[in-house]
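Here's a quick tour to go with the viewer. Keep the sequence open alongside it, and hop to each residue as it comes up.

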Amino acid sequence: MKNIKLMFVAALCGTGLSTFAEIVIKPVRTPSVSTNRPGIIVPGPDGGGITYEQKQQVIELLDGDVLKGTFVGFDSEGGAKWRHPAVKTDIEFMTDSLSKISLFPRPYSGAPGDNTRVELVTGEELSGELLEMNNRHLILKAWYSRNTLRIPREKILAIRPATAEAGVIYEGPTGMEGWKSQGGGIRNVQVPVVPGGGRFLNGPVKGLRQPLPGAGLPGAGGAPAIDPITGLPTAPRWQYSNESFVATRSSSLIGRKMKLTDKVNVEFDLNWRGNFNLGISVFADKFDAYSGNSYMVGFSPNDCYLMRMANNVQNNLGRASYQDLRGKTKARISVRINKEAGTIALVLNNRVVKEWEDNAGFAGKGENVSFVLLQNTYVKVSNIRVSQWDGKLPSGEGSKKEGKDLLVMSSAGSLSGELLGILDGKVRFKAAFSPEPLEMTLDTVARINLADAELEKPKLGLGDVRVTFSNGGQFTFLIENWGADRVTGLSTVLGQVEFQPGAFSMLEFNLTKKEGSGSADPFDDF
């Protein structure tokens, strides 16, 4: 972390000489009694008039300089105004020097109905209460906006209604509570070599094969620490950041115990950079993917395999190749297990790429679900949802049928057809098999994929700022002014916007510069 240095010249009267002095503002610890002058006082999102003083925040510049303090305000012409306890007057930073501002708003805890998620074709996400959807717009009542948001239908990729049905076993993550994480904990494992992945070598433990330290990891400088007992490179644990788990080193494992049913669906969003090799351990009786009794589905951008573990003995039940993830950096992953039938299926973006059957009897004897990173790379796991499953797999036609919407029910199963509209908490849907429109309550729907909607690379404009909401999700717009009680700006999706300042946990500036320099990183928040 660099210090911000201020230079000044003091003229010495009568000497004709000048002396150069340097003030170094070093990062300071927050004192037990705050010496900060009051910064922005942010109204509570419930509008009840309750206010609180923001905690000390952090501003980061493009050159890497970092300074703690209080964010006072921003406008597109003057830049960012910053307050520091060691400086008498507010500091003004030019807009083109800013990289990121980290804020610490009060966490929002609203009604369950406020948590409907609207995924945009740009990869961004908005949340709120879904009031209505017609053939032109979706109308969203958002706690962070002073006005209802009208989202054009053609800009919507999918809708995830707020649900609390009995079939959901786990949804998150919202933090590390309940999860266990460890690094360098994999022992005696034969990891299949991934085509195009990192190099492997035999480790000091008999039969062990591990990626070489730093293989496939951009910018991995130097050798990692060595475990004094096994002689293996140690690995950092998975870490929590912005409703996601992030890992970068091989052998990192994170998991928890869940009340798994006989038929269960473990699904999540995965982001990655470069090649990756990830394992999903299910029904494990130990917090270790390679001992005890369990199954592990391993997959990469090119292929997948299923490893059976019974009484500490490993057996590979077969692998399959595919091209679903080539050239991509994000996917929705689903592992569906049927204990009675002894089957495990891997589903990528709602397409079944492989289903295995264990004729020797179901080996899993526990309730642990874990994620194991098997190759040095950058991966992010988010939107984890573990639920009861009806045993039915998607058809081989993919996540959408051409020209048709897809409605995924909370109780599992899906319908293809046409979404006619949503109003007063009810969905009207014209299914292919029914002559009359179907009507159902919104809380029985897990997800709606809109016909022919595809992810597209967002078009960044000069001055656009990417914001991260305090309750998850990101959005990009041009901020015109940030004041004590409102944030105004212009969005290519929503038009003129007016948000609450307490809605955001992070602001990212100069996106076009970062993109042009190749420094844009989807894991920058980690």
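This is a predicted model: local features need pLDDT of at least 70, side-chain atom pairs count only at pLDDT 80 or more; totals for chains, interfaces and linings use all residues.

**Overall make-up**

- Take the contacts in the protein chain with a separation of 6 or more: 60% of them are between residues 24 or more positions apart.
- The chain shows about 24700 Å² of accessible surface, and carbon and sulfur atoms account for 50% of that.

**Aromatic rings**

- There are 21 aromatic pairs in the structure. One of them joins Tyr144 and Phe499 edge-to-face, with the centres 5.7 Å apart and 65° between the planes.
- That pair ties together parts 355 residues apart in sequence, because Tyr144 sits in the loop between strand 12 (137–141) and strand 13 (149–152) while Phe499 belongs to strand 40 (residues 495–499).
- Tyr144 is buried, at 0% relative accessible area, and Phe499 is buried too, with a relative accessibility of 0%.
- Another edge-to-face pair is made by Tyr170 and Trp179, at 5.6 Å centre to centre and 75° between the planes. Tyr170 is buried with a relative accessible area of 12%, and Trp179 is buried with 7%.
- Tyr144 and Phe499 also belong to a cluster linked by ring pairs, whose members include Phe71, Trp82, Trp143, Phe469, Phe475, Phe477, Trp482 and Phe504.

**Charges over rings**

- Arg273 has its charged end over the ring of Tyr378, 4.0 Å from the ring centre.
- Lys180 does likewise with Phe287: its charged end is over that ring, 5.9 Å from the centre.

**Nonpolar cores**

- The largest nonpolar core has 59 residues, and the ones touching the most other members are Leu126, Tyr144, Ile151, Phe504 and Leu507. Strand 38 (residues 474–482) supplies the largest share of this core, with four residues.
- Beyond its neighbours within four places in sequence, Ile151 is in contact with a set of residues that includes Val118, Leu120, Leu126, Ile156, Val493 and Leu494. Arg136 and His137 are also among the contacts of Ile151.
- A separate core of 44 residues lies apart from the largest one, and among its members are Val264, Leu306, Ala363 and Val379.

**A hairpin to look at**

- Strand 28 (residues 343–348) pairs with strand 29 (residues 351–357) in the antiparallel sense, over six bridges. Across that pairing, Val347 stands opposite Val352 of strand 29.
- The two strands make a hairpin with two residues between them, and Asn349 in the turn has a positive phi of about 50°.

**Backbone details**

- Between Gly172 and Pro173 the peptide bond is cis, with omega near 5°. Pro173 is in the loop between strand 15 (168–172) and strand 16 (180–182).
- Asn311 isn't a glycine, yet its phi is positive, near 55°. You'll find Asn311 in the loop between strand 25 (303–310) and strand 26 (313–321).
- Asn312 lies in the loop between strand 25 and strand 26 as well, and it has a positive phi of about 70° although it is no glycine.
- Is Asn311 buried or exposed? Asn311 counts as exposed, because its relative accessibility is 57% and the cut-off for exposed is over 50%. Asn312, at 46% relative accessibility, counts as partly exposed.

Notes:
Residues are numbered from 1 along each chain as its sequence is written. Side-chain values use heavy atoms; hydrogens and water are left out. Contact means heavy atoms within 4.5 Å. Accessible areas come from the Shrake-Rupley method with a 1.4 Å probe; for residues, only the protein chains shown count as cover. Rings of Phe, Tyr and Trp (its six-membered ring) pair if their centres lie within 6.5 Å; planes under 30 degrees apart count as stacked, over 60 as edge-to-face and the rest as tilted. Buried means under 20% relative accessible area, exposed over 50%, partly exposed in between (1.4 Å probe, protein chains only). A charge sits over a ring if NZ of Lys or CZ of Arg is within 6 Å of the ring centre and within 35 degrees of the ring normal. A nonpolar core is a set of buried Ala, Val, Leu, Ile, Met, Phe, Trp, Tyr and Cys residues joined through side-chain atoms within 4.5 Å. Two strands pair if DSSP finds at least two bridges between them.
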